[in-house]
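Reader: I would like to go through the labels attached to this model and ask what each one rests on.
Author: Go ahead, one label at a time.

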Amino acid sequence: MKSEYAVTPATFEAQIKMLADSGYHSILPEQLYNYLVYNKTLPEKPVLITFDDSRAEHFNIAAPVLQKYGFRGIFFIMTITYNKKNYMTKGQIAELTKMGHVIGLHSWDHVMVTKYNEDDWVKELVNPKKELERIIGMPVEYWAYPNGVYNRKAAERLSHDFKLSFILTTPRDSLYPLQTVRRMIVPKISAKTLLISMHKVFRREK
Ligand SMILES: [Zn+2]
């Protein structure tokens with residue numbers, strides 16, 4: 001893992017505790033989708049908590065902290081990591097859904113979508129999606145772009161298979177807003193700094 005993205009368990013819990021203490025409600029991607037498409041209401045101070053890359057710590061450390069504060073999240077799986085050292089097992093991935101979390105796809109091997117040819121789409125999306133759905137026993141409807149990088153061709157392709165796809169803090173695409181939902185990386189920053197960054201990054205665009 002890139003060290004600038006590594007957060008200690010204590011910092012992570014402080015960040016989550018801050019969200020809980022500040023009155024945030026974790027939402028699931030389905031709620032965000034229903035809000036964006038059908039204008040359904042969201043709870044006060046909604047926050048979507050996401051994890052990428054299938055690390056074992058997500059199951060061992062993050063999920064119990066979320067549970068403790070009554071939060072749920074979405075875990076985007078890079079499927080090449082199944083049962084590898086330091087990564088979640090298939091059983092743990094299935095367990096997350098039983099705990100009320102959502103599982104999304106983050107490609108097979110983390111190659112960026114801008115590099116895929118037709119065969120790569122099968123390898124990176126079609127096959128991993130099917131296998132992941134077998135593991136969790138439900139549809140996989142959300143995608144996180146490797147490195148947050150997309151182009152319109154890929155967004156169009158993904159729109160056939162996923163309700164929402166997630167980028168990073170770059171602007172949303174006006175033609176494919178549902179396939180370019182913004183997220184911010186939360187590095188090792190204090191809970192207070194996190195709150196300030198969230199306000200800056202997610203200031204209303206319209
Ligand atoms: Zn990733």
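Reader: Where does threonine 79 lie?
Author: The model is a predicted one. Threonine 79 lies in the loop between strand S4 (73-77) and helix H4 (90-98).

Reader: Why is threonine 79 called buried?
Author: Its relative accessible area is 5%. Buried means under 20%, so threonine 79 counts as buried.

Reader: What is threonine 79 in contact with, leaving aside its neighbours within four places in sequence?
Author: Leu105, Ser107, Trp108, Pro128 and Leu132. Contact here means heavy atoms within 4.5 Å.

Reader: Why is tryptophan 143 called buried?
Author: Tryptophan 143, in strand S6 (residues 142-144), has a relative accessible area of 0%. The limit is under 20%, so tryptophan 143 is buried. Beyond its neighbours within four places in sequence, its contacts include Phe76, Leu105, Tyr116, Phe162 and Phe166.

Reader: What makes Asp53, His106 and His110 donors of the zinc ion?
Author: The OD of Asp53 and the NE2 of His106 and His110 lie 2.0 to 2.1 Å from the zinc ion. Donors are N, O and S atoms within 2.8 Å of the metal, so these atoms qualify. Their spacing along the chain is D-x52-H-x3-H. Aspartate 53, in the loop between strand S3 (49-52) and helix H3 (56-68), and histidine 110, in the loop between strand S5 (102-105) and helix H5 (118-136), are 57 residues apart and link distant parts of the chain.

Reader: Why is aspartate 53 called partly exposed?
Author: Its relative accessibility is 24%. Buried means under 20% and exposed over 50%, so aspartate 53 falls in between. Histidine 110, with 23%, is partly exposed as well.

Reader: How do you know that S3 and S4 pair?
Author: Pairing needs at least two bridges. Four bridges join S3 to S4, which run parallel, so the two strands pair. Isoleucine 49 stands opposite glycine 73 in S4.

Notes: Residues numbered from 1 in each chain as written. Predicted model: local features only at pLDDT ≥ 70, side-chain atom pairs only at ≥ 80, totals over all residues. Heavy atoms only, no water. Buried < 20%, exposed > 50% of the residue type's maximum accessible area, 1.4 Å probe, protein only. Donors = N, O, S within 2.8 Å, 3.2 Å for Na, K, Ca; no water.
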